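Biologist: I have a structure to go through and some quick questions about it. Can you put it up?
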Amino acid sequence: MEIEKKFQKEQIGQPEYVNKNCWLAKTLGYPPSKRCQYCESNFRNCLFSNYLIISLVLILFLITLSFLVEGKISNLLVISIFILIIVYGYFFNKSTEKIIEANFSQRKAKEALEKLTEKLESQVEKRTEELKKANGELKNLDKSKNQFLLATQHHLRTPLTSIMGYVDLLLGGSYGEQNKKTREIIGKLRMLTDDLIKIVNEFLDITQFQLGKEVVILKPGVQLEPILEEMIGQLKLEADSKGIYLKFNKPKNICTVKADPVKLKVALYNIIDNAVKYTLKGGVVINIIKDDVVKIIVKDTGIGIASENTKSLFGKTFERGETARKTFVTGRGIGLYISGEIIKAHNGKIWAESEGEDKGSTFFIELPLEK
Amino acid sequence: MDKNKKIFLIEDDPNMVEIYSEAFKAASIDFEVIRLGREAIKKIKTIAENNKDKPNIILVDLILPDINGIEILKEIKNNENTKDIRVFILSNYSDPDFLKTEKVKAEKFILKADIKPTQLAELIKKEL
């Protein structure tokens with residue numbers, strides 16, 4: 001009935017069209033069962049045929065009666081046949097009128113439909129062109145933005161690297177011994193510089209992912225065990241200071257994958273670092289399972305993730321989960337996005353499971369086995 | 001580490017030259033600084049001709065004021081007498097497309113921002 005309503009709204013015809021017009025009812029998609037109710041012309045045609053048959057039977061009956069009663073065709077019979085012819089004529093005429101009218105309505109409706117279709121098509125074409133143009137402009141703008149970011153980040157890295165270098169030399173004693181306070185300050189400078197470099201690197205990675213550049217360069221024979229051990233070494237101090245455990249159950253067999261070792265480290269570090277950061281009691285366990293794929297499982301007893309957020313974890317930048325924001329832990333909300341993109345670029349899969357807030361989370365990283 | 005072993009540092013940024021020089025000195029690494037791309041090409045050509053005084057490792061920056069580091073890498077790797085010299089690209093320029101399109105490959109790519117000078121000196125000592 002929606003089509004009917006639409007017709008009324010567009011004013012190209014009334015539902016009467018449908019009532020009288022078999023073709024239109026069919027064109028508009030009315031099912032055959034419904035069509036009979038609407039298709040009056042068809043109904044009238046049927047009715048006319050029925051009248052014809054009934055009348056012929058009646059004439060035959062009258063002729064037979066006339067012969068039986070009078071032995072000849074009576075005047076009454078002639079009058080009856082004459083009346084019947086007039087009645088046929090009337091119905092035939094009526095029916096023809098209806099058919100002509102229906103055909104006319106059909107043609108009119110067809111024309112109106114064609115006009116409307118043409119109008120719609122030209123409107124769609126116009127809008128598509130406008131959208132294409134707007135989309136093109138947006139893409140160009142986005143590309144310019146990303147290229148600007150890329151250039152800015154390269155220019156930021158240069159002075160930062162120099163600062164990092166001088167700080168490193170100062171702490172290494174290349175420029176003589178410093179007093180305790182100076183060393184403490186230089187230590188802080190080193191931490192801040194390292195953090196700043198990490199931010200610039202992360203932004204650069206995001207920009208390159210968004211520019212569609214292949215950020216990872218896959219190399220064969222990358223062993224997972226040393227990478228994870230190195231990570232545990234880096235994060236052990238933080239875990240110990242929080243009083244939580246950080247365990248790595250080494251696999252029985254050596255697991256090698258085709259990977260970009262530097263980028264894979266970044267991806268895994270983000271996951272394990274998050275697990276340590278957001279676990280206040282209990283701890284973090286890392287397992288590797290090797291079958292037709294290599295699966296790295298990072299399970300923690302931390303703050304957990306609301307079930308509705310587990311799917312969107314890796315797709316958003318600069319957004320942190322509700323529970324994560326409630327903690328005193330600082331975060332930029334880009335680590336998981338970067339990890340997700342890196343793992344995808346390794347033809348791998350990454351996902352998270354959690355039974356809810358405060359119930360811990362498990363992160364799964366699946367990498368194809370090296371053949 | 002063998003005392004006769006030597007490295008070249010092809011770098012134009014005066015701060016980085018100072019920083020790396022200091023770190024290499026502290027680690028007792030014999031090094032020579034080359035600040036211009038053309039100067040580096042000339043040096044490699046001389047080494048190739050005489051087939052002597054070859055450095056063991058060449059650290060090369062990608063962005064130099066005159067020519068880019070890839071040209072220097074090509075010069076080294078396309079010459080029979082110098083192609084066995086190990087080349088480590090040491091740069092802050094990390095556009096993956098730029099590196100992927102090149103057929104000539106360096107032995108290592110080191111991002112300056114990812115490695116502290118003392119760590120770099122340690123790595124070089126290990127590699128020499």
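Biologist: How many residues lie between β6(A) and β7(A) in their hairpin?
Modeller: Six residues lie between β6(A) and β7(A). In that turn, G356(A) has a positive phi of about 130°. Strands here are DSSP runs of E with at least two residues, helices are runs of H or I with at least four residues, and both are numbered from the N terminus.

Biologist: Before we go on, what sort of model is this?
Modeller: This is a predicted model, in which local features need pLDDT of at least 70 and side-chain atom pairs count only at pLDDT 80 or more, while totals for chains, interfaces and linings use all residues. Residues are numbered from 1 along each chain as its sequence is written, chains are lettered from A and ligands numbered from 1 in the order in which they are written, and side-chain values use heavy atoms, with hydrogens and water left out.

Biologist: Is β7(A) mostly covered or open?
Modeller: Mostly covered: of the eight residues in β7(A), residues 361-368, seven are buried. Buried means under 20% relative accessible area, exposed means over 50%, and partly exposed is in between, with a 1.4 Å probe and protein chains only.

Biologist: Which sheet does β7(A) belong to?
Modeller: An open sheet of five strands in chain A, with the order β2-β4-β5-β7-β6 and mixed pairing. β2 and β6 of chain A are at the edges with a single partner strand each, so one side of each has no neighbour in the sheet. On average, neighbouring strands of this sheet are turned by 15° against each other, direction ignored.

Biologist: What packs on that sheet?
Modeller: Helix α8 of chain A, residues 224-242, which touches β2, β4, β5 and β7 of chain A. The direction of α8 makes about 170° with that of β2(A). Such angles run from 0 to 180 degrees between N-to-C directions, and the axes are lines fitted to C-alpha atoms, for helices over the stretch in contact.

Biologist: Walk me through the other strand pairs in chain A.
Modeller: β2(A), residues 245-249, runs parallel to β4(A), residues 283-290, and five bridges join them. F248(A) stands opposite I286(A) in β4(A). β4(A) then pairs with β5(A), residues 293-300, in the antiparallel sense over seven bridges. A two-residue hairpin connects β4(A) to β5(A), and V285(A) stands opposite K299(A). β5(A) and β7(A) also run antiparallel, joined by seven bridges, and V298(A) has F363(A) as its bridge partner.

Biologist: Where do side chains point in a strand?
Modeller: In a regular strand, they alternate between the two faces of the sheet.

Biologist: New topic, chain B. What order do its elements come in?
Modeller: From the N terminus, β-α-β-α-β-α-β-α-β-α. That comes to five helices and five strands.

Biologist: And how are the strands of chain B arranged?
Modeller: They form an open sheet in the order β2-β1-β3-β4-β5, with parallel pairing. The edge strands are β2(B), residues 30-34, and β5(B), residues 108-111, each pairing on one side only. Four bridges join β1(B), residues 6-10, to β3(B), residues 57-60, and I7(B) has I57(B) as its bridge partner.

Biologist: How much of chain B is buried?
Modeller: Buried residues make up 50% of its 128 residues.

Biologist: What does S162(A) touch?
Modeller: S162(A) touches D13(B), N15(B), M16(B) and I19(B), leaving out residues up to four places away in sequence. A contact means heavy atoms within 4.5 Å. S162(A) lies in helix α6 of chain A, residues 75-172, and counts as buried because its relative accessible area is 5%.

Biologist: Last one: is L68(A) buried or exposed?
Modeller: L68(A) counts as exposed because its relative accessibility is 71%. It lies in helix α5 of chain A, residues 40-70.

Key: Pairing = 2+ DSSP bridges.
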